[in-house]
Amino acid sequence: MHKSIFAALVTTAFIANVYAFDLGKALEGAVKEKIQETTGTKTEPANTDNADNQNAVADTPTAQPQINWKSPSRDEEVAIGREVTGSLLGAAPLVKNDDLQQYVNKVGRWVASQSERPDLPWKFGVIESNDLNAFAAPGGYVLITKGLYQTFQNEAQLAGVLGHEIAHVVQKHHLKVMQKQALLDMGAGLLGDKFGDNKLSKKAISTGAEISARNLDKSAEYEADRIGMMLAYRAGYDVYGLPEVLQNMAQINKSDDSVALLFKTHPHPDERLAQLGESAGSQLDKLKAGKTLENRLYLLR
Amino acid sequence: MKRHTWLYLIVAIGFGLSSPISLAATESGTALKADTLRVQPFADAKSSGALIKNEPLEIITKKGAWLQVKTKKSTGWVRLLSVKRASTGNVLKGTVAVATGRAGTGKVVSTTGIRGLSAEELKAAQFNETEMKKLESLAVSKADAQKFASSGGLTANQAAYLKGAK
């Protein structure tokens, strides 16, 4: 079970199996209704999640034999994210450098504090991979690769990238995709499919990866760029940190292995920059100059 | 021997601190979209020409959210996000090439790193409880993050998110 979950959450999606679930299409309409009626999450922007605070006290996080996919609680969301993240860590462990990890956690937590979900148990990590990529999982888990970290020229760029991943969590991009799949599977169960009730949640998590590939579309990435950029600004950083990172990524040859997965699952940086430019228009002109803090960037060699 | 070690350390630290962040003197770039060049770096400044999508240009200087650029036909100010810079990657290219061992130099230092996380590898990955515990132990509280922000002179701003294009 651990194995497959992980993939789901990841910011990245897996294109190869995208069409594996077309059979589910027949059920999609019914499922959509279910999702809307039970979770109220359609496509509205992140609703302020005051519950983040209270739930921490109210619900005791215990092992989840079953996840309520129609409307997962905060603790269930965190439990799902933990599964996914733990598997990702199985593929690429944390860089063994506590100073670095704490530094990234401080920047990340401060940026996340400016979001609508400041009280999630946010956790940030840098993983041993020379790829350029970053991942987010439900409940506040954010991992970035060492390769991406090493491209940063200042703290504002780090903040911008973390802001993008934080935005995925705040908007529940991956969670929604997984919920959809889970409800699809329930629909299949109702139709007499071989999956019994008690297997529902398991199945839902384990197929998350494919679903995520199909549904975490360009618009979710553009939205995460827009939100991430402003989260960094809200945190006092130069608003152009994220665009600078995109500028840098745009220099890398598409065929380079280090960006293979990233470019497969995200629009090309040029397109993302152009979208940001379109959305920004003149709105950034009046923003205060933020800090870049190049001297504080933890140098990782 | 010990003394040498110290020396190396100091040299290493020196390089670390002085690592070049400044950009090359002249940068080139291309226009990401059609836009208006302006006489001054303001949205309501007079036009000094047009920028054509994908047109090559030279970046003269940067001021806030604006770049002063020179195209074949004219010179003027345009918003940063309308331009794709071509040479900001100098530092980056070097880093990536060395880090990934793909520069052809054979200088692959790290062998612990995983080369090219593929979708397949991700799918095959097993949950790692030890690493997860480690991740959890390194988390920082909201209050500590706030302190860290203050020590860097960061103060929170109010700002709405941008709406999607068109």
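In chain B, Glu55(B) lies in the loop that joins strand S3 (47–51) to strand S4 (56–63), where strands (E, at least two residues) and helices (H or I, at least four) are DSSP runs numbered from the N terminus. This is a predicted model, in which local features need pLDDT of at least 70, side-chain atom pairs count only at pLDDT 80 or more, and totals for chains, interfaces and linings use all residues. Residues are numbered from 1 along each chain as its sequence is written, and chains are lettered from A and ligands numbered from 1 in the order in which they are written.

Glu55(B) is partly exposed because 15 other C-beta atoms lie within 10 Å; a residue is buried at 20 or more such atoms, exposed at 12 or fewer, and partly exposed in between, with C-beta atoms placed from the backbone. Leaving aside residues up to four places away in sequence, Glu55(B) touches Thr30(B), Ala31(B) and Thr71(B), contact being C-beta atoms, placed from the backbone, within 7 Å. Thr30(B) is 25 residues from Glu55(B) in sequence, with 5.4 Å between their C-alpha atoms.

Chain B has 5 helices and 7 strands, in the order α-β-β-β-β-β-β-β-α-α-α-α from the N terminus. Of its 166 residues, 25% are buried.

The contact between the chains draws on both sides as follows.

| Chain | Residues in the contact |
|---|---|
| chain A | 88 residues |
| chain B | 65 residues |

On the side of chain B that touches chain A, H2(B) gives the most, with 8 residues.

Notes. Contact = placed C-beta atoms within 7 Å.
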